[in-house]
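Morning, everyone. Let's talk about salt bridges. Please have a look at the screen.

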Amino acid sequence: QSPLRRNNKAIGHRGAPLVAPEETAASWEIGAASGAGWLECDASLTGSMDLVCRHGTCDLAFTTDIVANHPELHKKCTKPWMPGSGEPAVCCTYDFTMAELQSL
């Protein structure tokens with residue numbers, strides 16, 4: 001039998017993060033193809049009360065282009081980036097609706 005056959009005792013935590021970016025469709029597909037019987041993700045709540053799979057809740061300022069290319073959304077961040085402040089922006093999943101997150 002193949003060593004990569006499905007095994008319900010194997011859990012793909014965030015998919016297969018050593019092979020593909022965690023919490024992505026590619027990572028989950030690789031995890032399933034590698035035999036994970038279960039796939040698990042970290043869940044974050046949006047402002048519209050939807051759940052999304054994200055490893056970090058307040059890392060959108062450095063995992064998306066929200067600061068550089070989405071000024072209207074950037075204004076909604078918990079702590080928008082202010083030029084010259086020396087402080088990073090803090091943009092959280094719950095600052096935005098599902099539709100707004102899907103636009104990033």
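One definition before we start. Buried means under 20% relative accessible area, and exposed means over 50%. Keep those cut-offs in mind. Also, this is a predicted model.

Take Arg54. Buried or exposed? Its relative accessibility is 18%, so Arg54 counts as buried. Its partner is Asp59, and the two form a salt bridge. The closest N and O atoms there are 2.1 Å apart. What about Asp59 itself? Asp59 has 14% relative accessibility, so Asp59 counts as buried too.

Now another pair. Lys75 and Glu72 meet through their side chains in a salt bridge, at 3.3 Å from N to O. Where do they fall on our scale? Lys75 has 58% relative accessibility, so Lys75 is exposed. Glu72 has 55%, so Glu72 is exposed as well.

Next, Asp42 and Arg14. Their side chains form a salt bridge, 2.6 Å from N to O. Which parts of the chain does this pair tie together? Asp42 sits in the loop between strand 2 (36-40) and strand 3 (43-45). Arg14 sits in the loop between strand 1 (7-13) and helix 1 (25-33). So the pair ties together parts that are 28 residues apart in sequence. Both Asp42 and Arg14 are buried.

Arg14 and Asp42 also belong to a network. Salt bridges link Arg14, Glu22 and Asp42.

How many salt bridges does the structure hold? The count is 6. Among them are Asp59 with Arg54, Lys75 with Glu72, and Asp42 with Arg14.

That's it from me. Thanks.

Key:
Residues numbered from 1 in each chain as written. Predicted model: local features only at pLDDT ≥ 70, side-chain atom pairs only at ≥ 80, totals over all residues. Heavy atoms only, no water. Salt bridge = Lys/Arg side-chain N within 4 Å of Asp/Glu carboxyl O. Helix = DSSP H or I, 4+ residues; strand = E, 2+ residues; numbered from the N terminus. Buried < 20%, exposed > 50% of the residue type's maximum accessible area, 1.4 Å probe, protein only.
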